[in-house]
Amino acid sequence: MDPDAVAKAFVEHYYRTFDNNRAELGNLYQEGSMLTFEGAKTQGSQAIVAKLAGLPFQQCLHNISTVDCQPSGPGGGMLVFVSGSLQLAGEQHALKFSQMFHLIPTPQGSFYVLNDIFRLNYA
Amino acid sequence: MDPDAVAKAFVEHYYRTFDTDRAGLGNLYQDASMLTFEGAKIQGSQAIVAKLTSLPFQQCHHNISTVDCQPSGPAGGMLVFVSGTLQISGEQHALKFSQMFHLMPTPQGSFYVLNDIFRQPKGHTIH
């Protein structure tokens, strides 16, 4: 399958899940997964979901501007680099962000997130 | 060695080389290396250096705001995620950018860049 299409499909699924029900993101991570969110490091699906579900806002909407992807090596992994803006309910201005994912194939033919790094791009 | 220290040292070396002698970046890439620069895909050290040295400015200076890193898997690779600004000489305003590197260890105990993706926020582009 076309890697760009796979990356795009993953990104849409990820942010749709994030924006609708952050707790369900747990399916996309495993025990070895790592998240660095604005410099704070978290490991493992449970702790990662706790971190994301605990962010100080109820509703949000990600608007994706760019998605770039490249294969990460012989293991079949894929690097996905996203930029966009994050609109929090009740906030006047959207926040710009950049995020990278390292996706690893699962035996079932899907992907999970091994590495996840998120940064806001301040003005 | 502390991964954060390795990432920081690499980033400093990369941007210092970029800002003083872009042609010197060739040592940091290999045949299989991939660069996506503002959406344009390039492969291999030669083609990558050709792209970077042909960017439409002579002098520039990268100011790094953040560096995050994580190990990328059993092969010993390292993911490095950078944000900062790029000041091009003669331009009034610095351009924001984000960049990710996937570093792979070399037999000599160093790293080379296997994956490189560079993006600037919409409305601030150099091609």
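Which residue forms a salt bridge with Asp68(A)? Keep that in mind as you read; point 3 has the answer.

1. Some ground rules. This is a predicted model, where local features need pLDDT of at least 70 and side-chain atom pairs count only at pLDDT 80 or more, while totals for chains, interfaces and linings use all residues. Residues are numbered from 1 along each chain as its sequence is written, chains are lettered from A and ligands numbered from 1 in the order in which they are written, and side-chain values use heavy atoms, with hydrogens and water left out.

2. Let's start with the interface. On chain A, 28 residues are in contact with 27 residues of chain B (contact means heavy atoms within 4.5 Å). Together the two chains bury about 2400 Å², with 59% of it on carbon and sulfur atoms; buried area is the accessible area (1.4 Å probe) that two parts lose on being put together, summed over both. Gln70(A), Phe81(A) and Arg119(A) supply 26% of the area that chain A buries against chain B, more than any other three residues.

3. Now the charged pairs. The rule finds 4 salt bridges across this interface (a side-chain nitrogen of Lys or Arg within 4 Å of a carboxyl oxygen of Asp or Glu). Back to the opening question: Arg119(B) is the partner of Asp68(A), and their closest N and O atoms are 2.6 Å apart.

4. What does chain A bring to its side? Strands β1 (29–37), β3 (60–71), β4 (78–88), β5 (95–105) and β6 (111–120) of chain A each give two or more residues to the side that touches chain B; strands here are DSSP runs (E, at least two residues), and helices are H or I runs of at least four, numbered from the N terminus. By class, that side has 10 nonpolar, 12 polar and 6 charged residues (Ala, Val, Leu, Ile, Met, Phe, Trp, Tyr, Cys and Pro are nonpolar, Asp, Glu, Lys and Arg charged, the others, Gly among them, polar).

5. A cavity is a set of points, on a 1 Å grid over the protein atoms alone, where a 1.4 Å probe fits but cannot get out, and lining residues have an atom within 4 Å of a point. Grid points are joined across faces, edges and corners, and a volume is the space filled by probe spheres set on the points.

6. The largest cavity has a volume of about 70 Å³. Its lining includes Tyr14(A), Leu35(A) and Phe118(A), and divides by class into 9 nonpolar, 2 polar and 1 charged residues.

7. The second largest cavity holds about 30 Å³ of space. Among the residues lining this cavity are Tyr15(B) and His62(B), and α1(B) gives the most to the lining, with 3 residues.

How values were computed. On a 1 Å grid over the protein atoms alone, a cavity is a set of points where a 1.4 Å probe fits but cannot get out, and a pocket is an open set with protein on both sides within 12 Å along at least five of seven lines; lining residues have an atom within 4 Å of a point.
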